[in-house]
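Please find below a short note on the model, arranged as numbered points. Kindly read each point with the structure in view.

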Amino acid sequence: MGAVIMREVLRYNFYLSKWFAGKKQDKIVSGTAFLFLSQISFLFVSLYLIAISILQITVSPKIATVIGMIVMLVIMYGFPKSVQARVREHKYEKGYNTLTTKEIYVNRIIALFLFALPFLLCFVVLILFYR
């Protein structure tokens with residue numbers, strides 16, 4: 001189940017990265033990995049802060065922030081090569097080339113929504129946590 005979700009999110013991130021990269025084709029795979037790891041980082045920080053709040057663990061906001069930043073750094077700089085390998089493995093380019101123009105635009109909108117959702121969730125959780 002998790003692998004299927006990851007594959008679908010990577011597919012949408014590939015489409016978004018292809019759009020952002022424009023003519024720089026060499027940036028698509030690394031851009032896809034960056035988008036995916038950004039989403040994972042924001043989700044993890046959100047879940048971390050929610051867990052701290054629900055479990056009522058007393059952690060100072062400074063310590064919570066430092067731990068969140070360390071986790072984000074580990075995710076962003078520890079896993080790009082494995083995510084890039086997975087993107088190359090699934091060959092999303094073939095699927096992209098078969099899409100019509102309308103389907104490309106719809107997939108871009110979905111991809112933008114999927115990219116913005118973890119960020120907005122993290123933003124709301126941060127506001128609630130530091131309130």
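1. Of the contacts in the chain with a separation of 6 or more, 77% are between residues 24 or more positions apart. Contact here means heavy atoms within 4.5 Å.

2. The model is predicted: local features need pLDDT of at least 70, side-chain atom pairs count only at pLDDT 80 or more, and totals for chains, interfaces and linings use all residues. Residues are numbered from 1 along each chain as its sequence is written, and side-chain values use heavy atoms, with hydrogens and water left out.

3. The chain holds six helices and zero strands, in the order α-α-α-α-α-α from the N terminus. Helices (H or I, at least four residues) and strands (E, at least two) are DSSP runs, numbered from the N terminus. Along the principal axes, the C-alpha atoms fill a box of roughly 50 × 30 × 30 Å.

4. Of the 131 residues in the chain, 34% are buried. Buried means under 20% relative accessible area, exposed over 50%, and partly exposed in between (1.4 Å probe, protein chains only).

5. The chain carries 15 positive and 5 negative side chains, and the centres of the two sets lie 7 Å apart. Lys and Arg count as positive and Asp and Glu as negative, while His and the chain ends are not counted. Each charge is placed at NZ of Lys, CZ of Arg, CG of Asp or CD of Glu.

6. Which helices each supply at least two residues of the lining of the largest pocket? They are helix H1 (2-21), helix H2 (28-54) and helix H6 (101-129). Among the lining residues are Ile5, Met6, Phe36, Ile40, Leu114 and Pro118. On a 1 Å grid over the protein atoms alone, a pocket is an open set of points where a 1.4 Å probe fits, with protein on both sides within 12 Å along at least five of seven lines; lining residues have an atom within 4 Å of a point.

7. Is serine 17 buried or exposed? Serine 17, which lies in helix H1, is buried because its relative accessible area is 4%. Leaving aside residues up to four places away in sequence, serine 17 touches Lys27, Ile28, Gly31, Thr32 and Leu35.

8. Glutamine 56 is not a glycine, yet has a positive phi of about 50 degrees. Glutamine 56 sits in the loop between H2 and helix H3 (61-78) and is exposed, with a relative accessible area of 67%. Lysine 91, likewise not a glycine, has a positive phi of about 50 degrees; its loop is between helix H4 (80-90) and helix H5 (92-97).
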